Amino acid sequence: MICFCAGRFQWRRIWQNPGDFPLSGLADMATRALLYRRPAEPSRLLVKHGSQIYSVRLRRHRRARRYTLRIHPSDREAVLTMPPRGTLADAKEFANRHGGWIAARLGRLPKAAPFLPGTVVPLRGVAHRIVHRAGERGTVWTEMRESGERILCVAGGGEHIERRVHDYLKREARRDLQKAAQFYAAALGVRVKRLSIRDQSSRWGSCTSAGSLSFSWRLILAPPYVLDYLAAHEVAHLVEMNHSPKFWKVVARVCDHVERAKKWLDASGNDLHRYGIED
């Protein structure tokens with residue numbers, strides 16, 4: 001929207017004496033927003049612990065009630081969440097006070113495994129070594145060598161290897177998850193309206209009351225029974241949008257490997273976040 005004014009608008013006088021210029025309605029709200037808005041905040045803080053300096057990403061969340069720290073496993077960084085009325089000074093103090101925790105958690109992250117020739121990727125839980133086939137046609141496919149070693153072949157230029165492997169894994173994840181979700185939706189008499197594949201770091205899957213499911217593509221790196229369980233879990237939310245005992249009965253009714261999959265995720269799930277990234 002473009003506004004024209006006959007005279008010069010006296011912003012300086014309004015800023016110095018806002019009470020002298022009473023406004024009403026939307027104009028009043030817009031003016032107050034300009035006068036009292038919070039100054040721009042930095043997106044990161046630097047925390048020193050010992051001889052190391054760590055970059056901490058800042059995020060302000062309207063539902064946060066306190067300062068919290070977590071480690072983003074795929075971005076391999078610390079994230080500090082601030083409450084709506086939190087201050088930058090308090091955030092800095094909180095981050096510095098937990099410098100040892102940040103250093104310890106980042107130090108425990110498994111070694112990064114970028115999608116480059118020689119990297120071993122657990123496709124559906126089975127180790128596949130990435131091999132570059134520059135002179136061949138196609139994109140990405142699997143083979144087995146005479147030795148029994150499984151390989152993930154990538155055609156084309158070397159600069160496209162990482163993207164092609166990533167795209168291939170996302171396609172495979174979508175195919176397996178769509179098949180599993182449709183199976184469980186039919187078993188429970190519900191309908192999945194939409195299924196999306198993302199790189200979620202805090203959860204393996206999610207479900208909305210409108211029937212939309214979302215999953216992490218990294219589930220294609222887990223054994224098939226783990227992916228299958230996550231599909232059953234999210235589809236079951238279309239029956240019970242909670243984690244009540246009734247919900248878990250719904251899951252158990254259609255999936256007989258719930259505990260086995262949960263144990264695998266607890267023991268090995270974090271390891272999946274190291275694939276496709278570089279230190």
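Analyst: **Salt bridges and the sheet around them**

E143 forms a salt bridge with R133, and their closest N and O atoms are 3.2 Å apart. A salt bridge here is a side-chain nitrogen of Lys or Arg within 4 Å of a carboxyl oxygen of Asp or Glu. E143 lies in strand 7 (residues 140–144) and R133 in strand 6, so the pair ties together parts that are ten residues apart in sequence. Helices (H or I, at least four residues) and strands (E, at least two) are DSSP runs, numbered from the N terminus. E143 is partly exposed, at 32% relative accessibility. Buried means under 20% relative accessible area, exposed means over 50%, and partly exposed is in between (1.4 Å probe, protein chains only).

The model is predicted: local features need pLDDT of at least 70, side-chain atom pairs count only at pLDDT 80 or more, and totals for chains, interfaces and linings use all residues. Residues are numbered from 1 along each chain as its sequence is written, and side-chain values use heavy atoms, with hydrogens and water left out.

By the salt-bridge rule, the count comes to 17. Take R60 and E41. Their closest N and O atoms are 2.1 Å apart, and they form a salt bridge. R60 lies in strand 2 and E41 in the loop between helix 2 (25–36) and strand 1, so this pair ties together parts 19 residues apart in sequence. R60 is partly exposed, with a relative accessible area of 25%. E41 is partly exposed too, at 34%.

Next come E77 and R44. Their side chains meet in a salt bridge at 2.8 Å, N to O. E77 sits in strand 4 and R44 in strand 1, 33 residues apart, and the pair links distant parts of the chain. E77 counts as buried, at 10% relative accessibility. R44 is partly exposed, with a relative accessible area of 38%. Both belong to a network of salt bridges that links R44, R57, D75 and E77.

Two strands pair if DSSP finds at least two bridges between them.

Strand 1 and strand 2 pair in the antiparallel sense, over six bridges. V47 has Y54 in strand 2 as its bridge partner. The two strands form a hairpin with two residues between them. In that turn, G50 has a positive phi of about 65°.

Strand 2 (residues 52–60) also joins strand 4 (residues 77–82). Five bridges connect them, and they run parallel. R57, a member of the salt-bridge network, stands opposite V79 in strand 4.

Touching means contact: heavy atoms within 4.5 Å.

N96 shows one such meeting up close. This residue is found in helix 3 (residues 88–97). N96 touches L46, V47 and K48, not counting residues up to four places away in sequence. N96 and H49 are 47 residues apart in sequence, and 8.0 Å apart in space, C-alpha to C-alpha. N96 is partly exposed, with a relative accessible area of 43%.

Two loops also deserve a look. R76 lies in the loop between strand 3 and strand 4. Its phi is near 55°, a positive value in a residue other than glycine. R124 is found in the loop between strand 5 (120–123) and strand 6 (126–133). Phi of R124 is near 50°, again positive in a residue other than glycine. R124 is partly exposed, with a relative accessible area of 24%.
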